[in-house]
Amino acid sequence: MKIITWFGYIDDESGEVSRGGGSEEAAVRLMGISGGSIPTSPRTAPSASGSAVQPDLRRLALEAGLFPGDSDYNSALRTAALDFAKGKLRASAGAEADLLQAVEALDDLNEVINALEERLYEWSRLTDDRGLRGGPLAEALAEEEGSIGVFARSVLDLREARESTQSGLETATAQIAPNLSNLAGPLLAARMISRAGGLKRLSGMPASAIQVMGAEKALFKHLRGKAPSPKHGMIYRHPAVGGTARRLRG
């Protein structure tokens, strides 16, 4: 049976040692070894204390001629370890980091679209006040010739990008935090995770901090005695909060 090591393989029966690919392949093997999904050592002999002894991988690799010397072995091991560390970092970032970026991207799109739609409205009034704003105005002007038509089509493209981003964000949130997504709705859940800096940090926050999350400026004004205490932050977007009588929201 072949036993996998960071640099390659060892035949458990014959003792033959072979190298398996470059540093990237070595990093993949290290990922498997660290995760416990693959065996890491050949048949071992018991020590004086009766416990198994890990074979000397450096000696086996050098004796088999896989590396010219100790310095080459060290250099290859260092390169594989760096690739392994980079892979672990990428894996730890994973879907949650992608979710946080998607929330920021959605907010940026909202801000840009609002500004461009307002500019399109002011521009359209120079020639014809259609009584439309936002998406309907962009759709009405999309067939126009010249710069205003190009501008209107750009607004529509951005609106389509926002819908696609929001749809993907809602799907990702439902996968990462299904319980919170069901309770708060996927979009609000994503914003809460983003504001907290991650799902783990959000799960450890007290209810009082979650209640005013997103209203930090008002809270600090209250602490300085310049404003009343805020009763809620971004959770106001939830129908159960926003649709409740004002006297009961706190």
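1. Let's start with Asp-70, which counts as partly exposed because its relative accessibility is 43%; here buried means under 20% relative accessible area, exposed over 50%, and partly exposed in between (1.4 Å probe, protein chains only). Asp-70 belongs to helix H3, residues 70-124. Helices are DSSP runs of H or I with at least four residues, numbered from the N terminus.

2. A word on the source: this is a predicted model, in which local features need pLDDT of at least 70, side-chain atom pairs count only at pLDDT 80 or more, and totals for chains, interfaces and linings use all residues. Residues are numbered from 1 along each chain as its sequence is written, and side-chain values use heavy atoms, with hydrogens and water left out.

3. What does Asp-70 touch, leaving aside its neighbours within four places in sequence? Its contacts (heavy atoms within 4.5 Å) are Arg-58 and Leu-62. For Arg-59, the C-alpha to C-alpha distance to Asp-70 is 9.4 Å, at a sequence separation of 11 residues.

4. On to the salt bridges, each defined as a side-chain nitrogen of Lys or Arg within 4 Å of a carboxyl oxygen of Asp or Glu. That rule gives a count of four. One of them joins Arg-58 and Asp-70, with 3.3 Å from N to O. This pair connects distant parts of the chain, 12 residues apart, with Arg-58 in helix H2 (residues 57-63) and Asp-70 in helix H3. Arg-58 is partly exposed, since its relative accessibility is 29%.

5. Another bridge pairs Arg-133 with Glu-118 (2.7 Å, N to O). Arg-133 sits in the loop between H3 and helix H4 (134-141), and Glu-118 is in helix H3, 15 residues apart. Both side chains come from partly exposed residues: Arg-133 has 45% relative accessibility and Glu-118 has 36%.

6. Why is helix H7 (residues 186-196) described as largely enclosed by the rest of the structure? Because eight of its 11 residues are buried. Among them are Leu-188, Met-192 and Ile-193, along with Arg-191. After H7 comes Gly-197, with a positive phi near 90°.

Key: Helix = DSSP H or I, 4+ residues; strand = E, 2+ residues; numbered from the N terminus.
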